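Morning, everyone. Please have a look at the structure on the screen before we go through it.

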Amino acid sequence: MATILDGTSRTFSEYLLLPNLTSKATAVDRIDLRADVARYRKGEEPCPLRINLPMASAIMQAVSHDGMAIALAREGGLSFLFASQSVESQVEMVRRVKNYKAGFVTSDSNLTPEHSLADVLALKKRTGHSTIAITGDGTPNGTLLGIVTSRDYRVSRTPMDAKVGSFMTPFDHLVYAYEGIGLSEANDLIWDRKINQLPVITRDRRLVGMVFRKDYDEHKENPDELLDADKRLMTGAGINTRDYAVRVPALLDAGADVLCIDSSDGFTEWQAETLQWIRKTYGSEVKVSGGNIVDAEGFRYLVDAGADFVKVGIGGGSICITREQKGIGRGQASAVLEVAAARDAYFKETGIYVPICSDGGIVYDYHMTLALAMGADFLMLGRYFARFDESPTRRLMVNGSYVKEYWGEGSNRARNWQRYDDGGEGGRMAFEEGVDSYVPYAGKLKDNLDATVSKVRATLVSCGASSLAELRERARLTVVSSTSIVEGGAHDVILKESERRS
Ligand code: IMP
């Protein structure tokens, strides 16, 4: 007969934290939110891979491309670039993150002197940018010949067919800098010379990028930025259990900092094989994780196969229909609690700490703190990040509100990138495990993250914890009844229109 586990499968909304004594010493701005992401042995702390904010963006087409990876790493978190794309395009994304220099942008509006004013206006309309670099071949890295901004022409006076070469500000009149200049030096030049943009070029005059005055505030150094030893932003990348022998070397060569096998069910021999291949080929230098699993057995299996961290969660994702389709999964809170206990037991037994990541199912900001209190070392989020400007998907107006597209990796839309017909994990798709949806548009990542992190910090203060390890140790949780859930929101009052939340 089948085994029936004791206890109910529970999720985050069924729990609340109780406050502990808040000491005067636990100030909000002194809370340490750094999180461990790779295994380490007792006595060999600190962990070889730490992130400055316990948040990772999901391995999904609709969430984690290079733009998201850059934005999140600048705030201290980590993205895992989606794996459901060709090796070449994923490698290109890794390169773009690793080559990113805050404040230095690749010129995306470029023309040649032979183009006309009409071309300038058309390009401006398409990109929304009013600074156009004029290069010999019209590419972002061609020989710099001049710049066109709206100060160089008057639409009412300059003929539409006037050649760019006749009205651009030519190279001789430009203030420029050579490659290698630091951001603060570049900004000083912008201020001292009263210019709006500074082209950066190589010694043989090829355009490298631009620094814009308007970006100044955004690009002040962020002390939490997630940087590697060479001061480059860090990024993770998703892999699969089929083409790892090709994909893994290519991603590592491009500079990926950590890999993660992307699958809804990680308790498989395919995952063990993939992890073992990576260990055999690269030893412990390469950081790689497996998942997803929802119990102690799955955790132990992946840890024994060599996983650096283990991802927890099946069926709780907002776009996920795995439970409906296959009847497989577990309430996210129950899964995290059991796997966290297994991690602690493994640490006690072997002296090796293997971090766990709670993946999916975060609906409210407070769920994040609950998951961290229940034992997650860090979190992976899809829906949360999909709502921001920095996610790769389109922003649309639907029924009078702005939304962003968000689809599951198990939806037809995501899986169409390539057909897998030859068995193995993720073999031919007979049914979907994810939906194609919209999420409410929420603006800039930084603004939202700042608000979320303030709440997480405030909760840690209430729990008398000044770090995530202290939170895990000290947190006291209680299961709530459905009636008390009602009591948790505004109730028995008539809400003003401005207070209604979607
Ligand atoms: P969310 O943060 O609740 O939106 O959940 C995101 C997580 O859902 C991802 O990190 C994946 O683990 C999982 N996921 C992504 N796509 C699918 C899918 O198509 N079906 C099931 N789960 C998915």
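Which residue in β23 is the bridge partner of valine 403? Proline 440. Keep in mind that this is a predicted model: local features need pLDDT of at least 70, side-chain atom pairs count only at pLDDT 80 or more, and totals for chains, interfaces and linings use all residues. Residues are numbered from 1 along each chain as its sequence is written.

Now the sheet. It is open, with three strands in the order β21-β22-β23, paired antiparallel. Strands here are DSSP E runs of at least two residues, helices are H or I runs of at least four, both numbered from the N terminus. Pairing requires at least two DSSP bridges between the strands. Strand β22, residues 401-407, has five bridges to β23. β21 (395-398) and β23 (436-440) are the edges, each with a single partner strand, so one side of each lacks a neighbour in the sheet.

Next, two helices. The axes of α11 (residues 365-374) and α14 (residues 445-462) come within 9 Å and cross at roughly 45°. Axes are lines fitted to C-alpha atoms over the stretch in contact, and angles run from 0 to 180 degrees between N-to-C directions. That makes α11 oblique to α14, meaning neither under 35 degrees (roughly parallel), nor over 145 (roughly antiparallel), nor 65 to 115 (roughly perpendicular). Asp365, Tyr366, Met368 and Thr369 in α11 meet Thr452, Lys455, Val456 and Thr459 in α14. Contact means C-beta atoms, placed from the backbone, within 7 Å.

Definitions and conventions: Contact = placed C-beta atoms within 7 Å.
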